[in-house]
Amino acid sequence: MNRPPHQISRMSLHRFANPTRFLRIADAVSPWATGLAVLLLAVGLYLGLAVAPPDYQQGQTVRIMFVHVPAAWMAMACYSLMALASAIALIWKHPLADLSAKAAAPLGAGFTAIALVSGALWGQPMWGTWWVWDARLTSFLVLFFLYLGYIALWQAIDDPTRAARAAAILALVGFVNIPIIKFSVDWWNTLHQPASIVRMNGPAIDVSILVPLLVMMAAFNVYFVALLLWRIKAEIIARRVRTLALARVEPEAGA
Amino acid sequence: MDQLSTYLAMGGYAAFVWPSYAFAALVMAGLALASRRALRHSARQLAALEAGDRGDRRARRAAPQDPSS
């Protein structure tokens with residue numbers, strides 16, 4: 001255990017911030033998460049496409065819900081996670097927080113794109129339009145641009161410390177949008193239906209459709225965790241590569 | 001066969017149901033592949049750098065072609 005001194009002090013401050021420890025845990029969890037994600041996706045697709053009956057009002061288009069709702073849910077959960085990680089990065093300088101937020105962003109952008117596209121494909125047959133500029137749809141489009149802006153900010157600033165800081169501030173400011181998305185269906189008149197799973201009186205969905213939906217939500221969740229572990233690991237290794245490359249260049253340049 | 005085409009027709013909504021699943025599959029498979037590739041790429045870079053550090057620096061200075069550049 002010969003660590004450089006700065007790592008020892010950092011370890012005593014943040015016992016769980018140690019990237020080596022993280023990598024050890026991630027390597028142990030990763031295969032299980034990947035396997036579980038594949039299994040849940042297979043079961044969810046089977047239930048959603050084969051077992052669930054067509055809805056009495058929406059017909060077969062109700063099956064779009066099994067990708068639309070989990071994707072939209074994960075898009076918001078992922079952003080909330082990024083905002084939390086960004087706050088931790090800014091306040092406690094946790095060495096993994098920035099990397100976690102950075103690693104999560106493309107996944108969130110992907111989920112947001114899926115929710116927007118599947119929503120349009122659902123809106124056309126059910127509402128008679130691909131798109132309306134109402135509160136729910138517009139705030140969700142804003143979420144997509146927040147993800148893109150966050151990713152672009154990381155790429156635009158060369159110095160990783162400054163890029164991390166700027167991106168973290170953007171993620172935190174953009175977090176305002178999350179409650180707006182959540183409550184947009186209650187605050188404004190909209191074509192979008194209100195919340196039907198998380199309600200005071202219990203879900204407003206029949207079990208035959210609720211179960212496939214919950215399985216798909218779990219599947220998207222575990223898929224996110226599995227990919228996030230790969231991506232954080234890749235970021236940790238990339239940072240180590242950068243440090244090693246710098247350490248190699250500097251003495252040679254000084255000589 | 002007839003049953004299959006009825007199923008695939010999705011009650012006349014095939015043009016909306018299947019593209020939404022296809023798009024989701026495309027995005028999620030693409031993200032998985034890209035994430036795997038990024039992980040492999042940085043792992044290879046790290047291995048190359050560490051091998052270089054253990055090896056002699058003199059040899060590298062004599063022949064300064066860095067494979068990563």
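This is a predicted model: local features need pLDDT of at least 70, side-chain atom pairs count only at pLDDT 80 or more; totals for chains, interfaces and linings use all residues.
Residues are numbered from 1 along each chain as its sequence is written, and chains are lettered from A in the order in which they are written. Local features need pLDDT of at least 70, side-chain atom pairs count only at pLDDT 80 or more, totals for chains, interfaces and linings use all residues, and side-chain values use heavy atoms, leaving out hydrogens and water.

**Where the chains meet**
- About 3100 Å² is buried between chain B and chain A, and carbon and sulfur atoms give 75% of it; buried area is the accessible area (1.4 Å probe) that two parts lose on being put together, summed over both.
- On the chain B side, B:Phe16, B:Tyr21 and B:Met28 lose the most area to chain A, together 22% of what that side buries.

**Helix 3 and helix 5 of chain A**
- The axes of helix 3 (residues 65-92) and helix 5 (residues 135-156) of chain A come within 11 Å and cross at roughly 45°.
- Among the residues that meet here are A:Ala72, A:Met76 and A:Tyr79 from helix 3 of chain A, and A:Phe140, A:Leu143 and A:Tyr150 from helix 5 of chain A.

**A closer look at A:Ser30**
- You can find A:Ser30 in helix 2 (residues 19-51) of chain A.
- Leaving aside neighbours within four places in sequence, A:Ser30 is in contact with A:Leu229 and A:Trp230.

Methods: Axes are lines fitted to C-alpha atoms, for helices over the stretch in contact, and angles run from 0 to 180 degrees between N-to-C directions. Helices (H or I, at least four residues) and strands (E, at least two) are DSSP runs, numbered from the N terminus. Contact means heavy atoms within 4.5 Å.
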